[in-house]
Structure formats: structure tokens, C-alpha cells
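User: Could you take a close look at the pockets in this model for me? I'd like to know what lines them, and then hear about the aromatic rings too.

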Amino acid sequence: MTTEMQAGSSGFAGTAGRLITGWALLGGLLLLLVVTVNMVSIIGSNFFGEPFPGDFELTEMGVAVAVFSFLPYCQLVGANVSADIFTSGASRRMIAFFTLLGSLVALGFAILLIWRMYFGMLDQKEYDYTTTILQIPHWIAFIPILISLALLAVAALLTLLRDASILSKG
């Protein structure tokens with residue numbers, strides 16, 4: 001599904017596409033914020049002898065959240081890594097089948113990750129794990145990651161339905 005198709009879609013698929021795209025853009029803004037924190041830390045360290053306190057902690061959490069925020073968008077637009085060498089000689093129907101299979105696997109992994117990350121978040125919260133310098137609770141980073149995984153499941157479901165439709169039409 002291209003970005004143009006998402007913008008023109010209505011109903012659940014269109015709303016989900018716009019939400020997923022917006023979420024990915026927020027992830028990009030977060031990544032820019034992480035870069036800014038690192039620049040401030042480097043400049044502060046080199047010119048003033050004072051780095052940004054907790055820059056490594058913020059980078060670690062920010063990059064993790066940003067990476068997860070891109071997953072639903074990549075699934076929705078078909079931008080995930082694929083091994084074209086195996087399908088270069090395959091028929092369109094076979095490629096459609098493999099694409100459907102990939103969407104099914106993505107949906108399964110999204111559900112599995114939601115389940116395990118949720119319990120991971122509860123463990124982090126129960127044991128009160130925090131970052132060393134800024135004392136930010138680790139479990140807070142799990143919230144946007146879980147949202148990203150839920151959006152990944154929605155994107156995988158949408159692509160699964162789209163791929164099933166394409167396969168059924170031949």
C-alpha cells in the first residue's frame with residue numbers, strides 16, 4: 001500500500017494508515033530529538049566540560065522507541081527486507097502467496113511480541129528498574145513500544161487481508 005493509496009482510503013484501513021503514518025513520523029521526530037541531545041552533549045563536553053547528563057540513557061530509550069515506531073509503517077507499505085533472489089523467477093501468484101505468508105508471520109510475531117513485552121514491562125515496573133543517572137523508570141519506554149506493536153498487528157492484519165484479496169483474484 002503506497003502512501004498515496006493510504007491518503008485516499010476511507011474507513012478503517014484509511015484511518016489506520018493515517019494513524020500508522022503519523023506514529024512513524026513521531027518516531028522520526030523522536031530520533032531527531034535523540035540526535036539533538038547527543039549534539040548538545042558533545043558540544044557541552046568539548047566547549048564547557050559538561051556533557052548532557054544521561055545522554056546515553058536517553059539515546060538508548062529514544063532509539064528503541066523510534067525503531068519500534070517504524071515497524072508498522074514498514075509493514076503497511078511493504079518496505080520490509082525481502083529476499084528477491086528466491087522469488088526472481090517465481091510467478092506473480094507465487095509472489096502473492098509469499099507476500100501473504102509474510103503478512104501472516106508479521107501478524108504472529110506482533111501478537112507474540114505484544115504478549116511478551118507486556119509482561120516484560122510488568123517485570124520492569126515490579127522490580128522498579130530505573131536508569132542510572134536520570135532515574136527514569138524503564139517500564140515507561142515499554143508503553144510506546146506496546147503501542148507500536150499493536151499498530152504493527154493492525155498493519156499486518158490489513159496487509160494480510162489485502163494480500164488474500166490479491167491472491168484470490170489471481
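Analyst: α2 (11-48), α3 (55-77) and α6 each put at least two residues into the lining of the second largest pocket. Keep in mind that this is a predicted model. By residue type, the lining splits into 10 nonpolar, 1 polar and no charged.

Now for the largest pocket, with a volume of about 840 Å³. Of its 25 lining residues, S82, I95, F98, T99 and D163 are the closest to its centre. Here α4 (84-87), α5 (92-126) and α6 (139-169) each supply at least two lining residues, and α5 gives the largest share, with 9.

F98 brings us to the rings. The structure has 3 aromatic pairs. In one of them, the ring centres of F97 and F98 are 5.9 Å apart and the planes sit at 50 degrees, so this pair is tilted. F97 is partly exposed, at 37% relative accessible area, and F98 is partly exposed too, at 41%. For Y118 and F119, the centres are 5.5 Å apart with planes at 75 degrees; that angle is over 60, so the pair counts as edge-to-face. Y118 is partly exposed at 38% relative accessibility, as is F119 at 37%.

Charges turn up over rings as well: the charged end of R116 sits over the W115 ring, 4.6 Å from its centre, while K125 lies over the face of W139, 4.4 Å from the ring centre.

Key:
Residues numbered from 1 in each chain as written. Predicted model: local features only at pLDDT ≥ 70, side-chain atom pairs only at ≥ 80, totals over all residues. Heavy atoms only, no water. Phe/Tyr/Trp six-rings, centres within 6.5 Å; stacked < 30°, edge-to-face > 60°. Buried < 20%, exposed > 50% of the residue type's maximum accessible area, 1.4 Å probe, protein only. Lys NZ or Arg CZ within 6 Å of the ring centre and 35° of its normal. 1 Å grid on protein atoms, 1.4 Å probe; cavity = no way out; pocket = protein on both sides within 12 Å on 5 of 7 lines; lining within 4 Å. Points joined across faces, edges and corners; volume = space filled by probe spheres on them. Helix = DSSP H or I, 4+ residues; strand = E, 2+ residues; numbered from the N terminus. Nonpolar A, V, L, I, M, F, W, Y, C, P; charged D, E, K, R; others polar.
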